[in-house]
Amino acid sequence: MTQPALSRRSLLASLAAAPALLALPSLIRSSSAEAAEGAPANKQSAVIRRRVGDIELFALADGFSTLPGQVLLGLEDEAAQEAARIAHKPHDPAALTISINTYLIRSGDRLIAVDTGATSAMAPTLGAWRDSLAEAGIAPQDVDTLFLTHAHADHVGGMTDASGARLLPNAQLVLADAEWAFTHDDALFASLPADIQGNFRFSRAQLAPYAEGRKELAMARESEITPGVTALPMPGHTPGHMGLRLDSQGEVLLIWGDVVHAPAYQFSRPDWSIAFDADIPAAIATRQRFFDMAATDDVMVAGMHLDFPALGFVERHGNAYRYLAAPPDFRA
Ligand SMILES: [Zn+2]
């Protein structure tokens, strides 16, 4: 892995000192606040609906934000330029613009929210999730399950309001046991710098009103949430990072959470990890494994930081991979 340039070191050193665990929201706040100065709020709800066999799936936009490119560890300009060319994405190593997406699954009589996006307090271009939910025709009280891929702030921002009230009043929280433990680890918390503690505090406050009656899934294995919807361990980004496999009538979709943060680069360079991956070797191994699985089995993938609507396919390309956006689904 190429060493980051000197100018990147101070940022990366501060991330490394903080095991980088929940640093993302701070960076989103600082970088987007600069970018947004004087600019009008640009919060856009958006909904894309499709079927996975008998399962109805909604991709719900929360918005987008910009991060300094240095958070992608190993990024080397020439290779990055080539990766961006293959991805048909702009190459801007100074500013990595990423989508924040969520999904909603309707299967039988179940209505399952998958993550809840960020908040507009983090950036004016974020926090559209509730508008997207309304646009999909879903009332928050009808959501019976909230599955969290993990508890980073850009995934838990829409579940609880500033007064501490649940925004999904009837939803049971479902997440990995390792994620609950990690987020509530007081010894770890005490060892973190103040701004990172702030991120943990935010995540804890968002989770708190759902603590009673929550369901913790064993991180070590797959767990069925409802027939055709299975939680899969995808460790690395956080200790309890999980995704979902939807499987109905021969159609399969993999929702892989935060396996990819930089779609311009990581399909060509799965070995480039984001600095917020808690366990970088594990995150790289998980990324390689699910790229290989998606390409080999030709299954559709969805991800919280792929470009909205973030539904597509992974193809082999040379020694690596390429992302292909899915065509729309015109079925009712
Ligand atoms: Zn994320």
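The model is predicted, and its chain holds 9 helices and 16 strands. Of the 332 residues in the chain, 55% are buried, and among contacts between residues at least 6 apart in sequence, 71% join residues that are at least 24 apart.

**Surface**
- The chain exposes about 13300 Å², of which carbon and sulfur atoms supply 52%.

**Zinc site**
- The zinc ion is coordinated by an OD atom of Asp154, NE2 of His155, an OD atom of Asp258 and NE2 of His305, at 2.1 to 2.3 Å.
- The angles among the 4 donor atoms run from 90 to 173 degrees, and the site is classed as irregular; for comparison, the ideal angle at a metal with four tetrahedral donors is 109.5 degrees.
- Along the sequence, the donor residues follow the spacing D-H-x102-D-x46-H.

**Helix H3**
- Helix H3 (residues 77-87) has Ala80, Ala83, Ala84 and Ile86 as its buried residues, and because these fall within an arc of 160 degrees when seen down the axis of H3, they line one face of the helix.
- The exposed residues Glu78 and Arg85 are carried on the face of H3 that is turned away from its buried side.
- The cover over the buried residues of H3 includes strand E15 (311-317) and strand E16 (320-325).

- Glu56 is part of strand E2 (residues 55-67), and it counts as buried because its relative accessibility is 11%, which is to be read against the cut-off of under 20% for buried residues.
- The side chain of Glu56 makes a polar contact with the side chain of Arg49 at 2.5 Å, and another polar contact with the side chain of Arg106 at 2.8 Å.
- When neighbours within four places in sequence are left aside, the residues in contact with Glu56 are Arg49, Arg50, Arg51, Leu104, Ile105 and Arg106.

Conventions
Residues are numbered from 1 along each chain as its sequence is written. This is a predicted model: local features need pLDDT of at least 70, side-chain atom pairs count only at pLDDT 80 or more; totals for chains, interfaces and linings use all residues. Side-chain values use heavy atoms; hydrogens and water are left out. Helices (H or I, at least four residues) and strands (E, at least two) are DSSP runs, numbered from the N terminus. Buried means under 20% relative accessible area, exposed over 50%, partly exposed in between (1.4 Å probe, protein chains only). Contact means heavy atoms within 4.5 Å. Accessible areas come from the Shrake-Rupley method with a 1.4 Å probe; for residues, only the protein chains shown count as cover. The arc is that of the directions from the helix axis to the C-beta atoms. Donors are N, O and S atoms within 2.8 Å of the metal (3.2 Å for Na, K and Ca); water is not among the atoms, so sites may look incomplete. Four donors count as tetrahedral if all angles lie between 85 and 135 degrees; four count as square planar and six as octahedral if opposite donors are over 155 degrees apart and all others between 65 and 115; anything else is irregular. A polar contact is a pair of N or O atoms within 3.5 Å; within protein, one must be able to donate a hydrogen and the other to accept it, and residues adjacent in sequence count only if both atoms are side-chain atoms.
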